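Visitor: I would like to go through this model term by term. Please give the grounds for each label as we go.

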Amino acid sequence: MSTDGLIVVDKPAGMTSHDVVARIRRLARTRRVGHGGTLDPMATGVLVIGVGRATRLLTYVIGAGKSYTATIRLGQATVTDDAEGDVIATTPAGAVTDEAVRAALAALTGEIDQVPSAVSAIKVNGERAYKRVRDGESVELPARRVTVSRLAVLAIRRDSPDVVDVDVDVTCSSGTYIRAIARDAGLALGVGGHLTALRRTAVGGFALAEAATLDELEQRAPEVVNLPLEAAADRFFPRRDATPDEAKVLSHGGPLDPAGIAGPYAVFGPDGTLIAIVSERDGRARAEIVLAPA
């Protein structure tokens, strides 16, 4: 069986994140597998998978910043705000200038209030929004504050007279919908817009350069973990090394004296094993999750 740890997968198009989890369960020969942030079936790129005890780190991975490359098509709006949905409106975009495109996207950078796509995995009264839309309901989701720290225009292409394709590079906070950026840019320009391509290039410090394809993982199964638990925690969190006495207290869920480290941070025992993820509050360092083997 695979060791506890993380796998950085280069997700192919056409698979759901759950499909990838199911494949990894088979390859790793364990049921204890999860993912750190959904990618739509159309999207490709970095999907962080947790195996064994490392599944408990995924809540932190989900909250990490993300980077993407994407293509926005101006001149067509779709029901899903991406290429998987039916086109619901077409407006010739040939007259939209490059300057107007750049200005519309510039207005969508920084801290913004973004309305997620109605066809999303957000739950509305306990049911996924996309299921309600498919059942014929009209779903309106409230705006959420997100941060788009980088939205660079890589190319503006006019391969056909009525649409404009814009290649972009985006770095953003967790919870940002790139297809909502495409939709909102199209709305601002009065021609509609949707996403035709999306590739996630990084999640936190995990980037495409270290991602493995499912075919590559198949070749080395069941040893599919490329970042064992300790290495993954050391990469993702600030580090604190505990004394033997501190390690004993913390492994049983007890608090430590603060170390003045901005949390959450990882605490390692004298033997290098990961004990817990800790944050400091009320003058004590307390475990958020304990990972030391029982």
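Guide: What follows is a set of questions about the labels used for this predicted model.

Visitor: How do you know which residues line the largest cavity?

Guide: A lining residue has an atom within 4 Å of a point, so that cut-off decides. The lining consists of Ile72, Leu74, Val101, Leu105, Val166, Ala185 and Leu189. At least two lining residues come from each of β4 (66-74), α3 (98-106) and α5 (178-189).

Visitor: What makes the lining of the largest cavity nonpolar, polar or charged?

Guide: Ala, Val, Leu and Ile are among the types that count as nonpolar. The lining of the largest cavity has seven nonpolar residues, no polar and no charged. Its members are Ile72, Leu74, Val101, Leu105, Val166, Ala185 and Leu189, so each falls in the nonpolar class.

Visitor: How does the lining of the second largest pocket divide?

Guide: That lining has eight nonpolar, two polar and three charged residues. The space in the second largest pocket is about 170 Å³. It has 13 lining residues, and Val79, Asp81, Ser117, Ala118 and Arg183 are the closest to its centre. Asp and Arg count as charged, Val and Ala as nonpolar, so Asp81 and Arg183 are charged while Val79 and Ala118 are nonpolar.

Visitor: How many of the residues in the chain count as buried?

Guide: Buried means under 20% relative accessible area. Of the 294 residues, 47% are buried. The chain exposes about 13,500 Å², with 50% supplied by carbon and sulfur atoms.

Visitor: What share of the contacts joins residues 24 or more positions apart?

Guide: A contact means heavy atoms within 4.5 Å. Among contacts with a separation of 6 or more, 68% are between residues 24 or more positions apart. The chain has eight helices and 18 strands.

Visitor: What do the UniProt domain annotations cover?

Guide: In an unreviewed entry, UniProt annotates residues 179-219 as "tRNA pseudouridylate synthase B C-terminal". That span is 41% helix and 32% strand, with end C-alpha atoms 34 Å apart. Residues 237-291 carry the annotation "tRNA pseudouridine synthase II TruB subfamily 2 C-terminal", also from an unreviewed entry. Residues 237-291 are 15% helix and 40% strand, with end C-alpha atoms 14 Å apart. Such annotations may be inferred rather than shown by experiment.

How values were computed:
Residues are numbered from 1 along each chain as its sequence is written. This is a predicted model: local features need pLDDT of at least 70, side-chain atom pairs count only at pLDDT 80 or more; totals for chains, interfaces and linings use all residues. Side-chain values use heavy atoms; hydrogens and water are left out. On a 1 Å grid over the protein atoms alone, a cavity is a set of points where a 1.4 Å probe fits but cannot get out, and a pocket is an open set with protein on both sides within 12 Å along at least five of seven lines; lining residues have an atom within 4 Å of a point. Grid points are joined across faces, edges and corners, and a volume is the space filled by probe spheres set on the points. Helices (H or I, at least four residues) and strands (E, at least two) are DSSP runs, numbered from the N terminus. Buried means under 20% relative accessible area, exposed over 50%, partly exposed in between (1.4 Å probe, protein chains only). Accessible areas come from the Shrake-Rupley method with a 1.4 Å probe; for residues, only the protein chains shown count as cover.
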